[in-house]
Amino acid sequence: MSNFETIKLDKGLYTASKGFTAALEEIDPSENYKGTALEGLDAFERQLKRFDIKIHGAASDSVEKFFQTTDSAALFPEYIARAVRKGLEEADLLPYIVATKTNINGLDYRTITSVPTADEKELKETAEGTAIPETVVHTQENLVKLKKRGRMLVASYEAIRFQRLDLFTVTLRQIGAYIARTQLKDAVDVLINGDGNSNPAPTADLAGASVTYADLVDFWNSFDPYALNTLIAAPDMAAAILKLQEMRDAAAGLTFHGDGKPVTPLGANLLKSSAVPAGKIIGLDKTCALEQVSAGGILTEYDKLIDRQLERAAISQISGFAKIYTDASRVLA
């Protein structure tokens with residue numbers, strides 16, 4: 001068994017392309033701890049136990065506990081990255097609209113697409129000796145635009161050294177929430193305006209001043225052969241949908257009042273977001289409309305954080321979005 005208490009921790013673990021925890025796992029594999037009291041902990045969590053650093057609960061330690069030794073100080077950037085990631089995941093709506101996630105090691109990425117005609121979407125009977133119909137997949141002309149989104153952590157070590165980690169984690173989770181909301185805006189912009197490859201979403205006009213049930217039915221019908229399984233609505237439009245008489249029957253009311261989950265119009269998952277411009281509803285087939293491209297995970301300026309130079313230490317993530325099938329997302333406005 002690896003002895004996690006004798007591992008030398010330093011900044012070099014952050015320079016590994018696989019990331020801090022993965023690099024630490026190679027040195028101290030979790031599988032070696034099956035059947036022991038440490039089973040269920042990953043390599044980073046075992047290091048927290050090694051230095052007796054408690055990051056959760058009323059009995060959590062203060063920030064300065066990380067800086068008792070040079071080894072334990074090397075854990076601080078990973079703690080920050082995990083707290084930010086937790087906040088990002090809690091506020092993240094992207095899993096509900098992204099069909100696939102692609103992780104890359106560089107900053108240049110060219111995605112693929114297929115634009116089948118109505119005839120190509122049908123699998124017709126093929127007679128013996130005749131050619132089988134083709135589906136053409138090609139790379140997009142323009143690269144996916146990756147954007148660096150993040151926040152600057154501005155605080156002196158003296159100002160936070162005595163703060164409990166449980167409270168400090170709340171602040172870090174908010175940074176993650178900010179990143180999540182900004183990335184959602186980027187995704188919404190690509191869904192509406194396209195990813196730079198002349199592929200904006202087709203737009204359907206409302207019949208009147210506000211959305212009606214007939215508008216939703218026509219919108220749902222326009223997706224064939226795709227499935228309208230997700231709606232992202234601006235707050236005003238989400239409220240208008242929920243106020244429709246068809247959305248206020250007995251069963252719908254019991255569901256909404258019982259658990260706070262809104263009724264699903266025509267079987268689609270309804271998401272409310274201010275990232276969508278007022279007066280607009282985006283509909284999509286979640287299984288094939290959007291690709292998320294990321295260059296690494298949460299990035300921290302580990303040098304500054306380890307050396308207690310917290311003033312203006314950046315926490316960020318690099319990602320972008322690309323359309324897969326253009327007609328799999330549409331706008332109702």
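Contact, as used in these legends, means heavy atoms within 4.5 Å. The structure is a predicted model, in which local features need pLDDT of at least 70, side-chain atom pairs count only at pLDDT 80 or more, and totals for chains, interfaces and linings use all residues. Residues are numbered from 1 along each chain as its sequence is written, and side-chain values use heavy atoms, with hydrogens and water left out.

Figure 1. Not counting residues up to four places away in sequence, L38 touches F4, Y33, R46 and K49. The C-alpha atoms of L38 and K49 are separated by 9.3 Å, and these residues lie 11 apart along the chain. L38 has 11% relative accessibility and therefore counts as buried; buried means under 20% relative accessible area, exposed over 50% and partly exposed in between, with a 1.4 Å probe and protein chains only.

**Figure 2. Overview of the chain.** The chain contains 11 helices and 12 strands. Helices (H or I, at least four residues) and strands (E, at least two) are DSSP runs, numbered from the N terminus. Of its 333 residues, 44% count as buried. Among contacts between residues at least 6 apart in sequence, 80% join residues at least 24 apart. The accessible surface comes to about 17400 Å², of which 51% belongs to carbon and sulfur atoms; accessible areas come from the Shrake-Rupley method with a 1.4 Å probe, and for residues only the protein chains shown count as cover.

Figure 3. Two strands pair if DSSP finds at least two bridges between them. Strand β1 (residues 100-103) pairs with β9 in the parallel sense over 4 bridges, and N103 has S294 as its bridge partner. Strand β11 (residues 313-323) runs antiparallel to β9 and is joined to it by 5 bridges; here S294 stands opposite S319.

**Figure 4. T111 in the loop between β1 and β2 (112-113).** T111 counts as buried because its relative accessibility is 3%. Its side chain makes a polar contact with the side chain of E291, at 2.5 Å. A polar contact is a pair of N or O atoms within 3.5 Å; within protein, one must be able to donate a hydrogen and the other to accept it, and residues adjacent in sequence count only if both atoms are side-chain atoms. Leaving aside neighbours within four places in sequence, T111 is in contact with H138, T139, Q140, V144, E291 and A322.

**Figure 5. The largest nonpolar core, with F66 among its members.** A nonpolar core is a set of buried Ala, Val, Leu, Ile, Met, Phe, Trp, Tyr and Cys residues joined through side-chain atoms within 4.5 Å. Of the 45 residues in this core, F66, F76, Y79, I80 and L172 touch the most other members. The elements that give two or more residues to this core include α5 (76-91), α7 and β11. Helix α5 gives the most, with 7 residues. Beyond its neighbours within four places in sequence, F66 is in contact with residues including L48, I53, I55, F76, Y79 and L165. A second, separate core of 42 residues includes L191, V211, L271 and A275.
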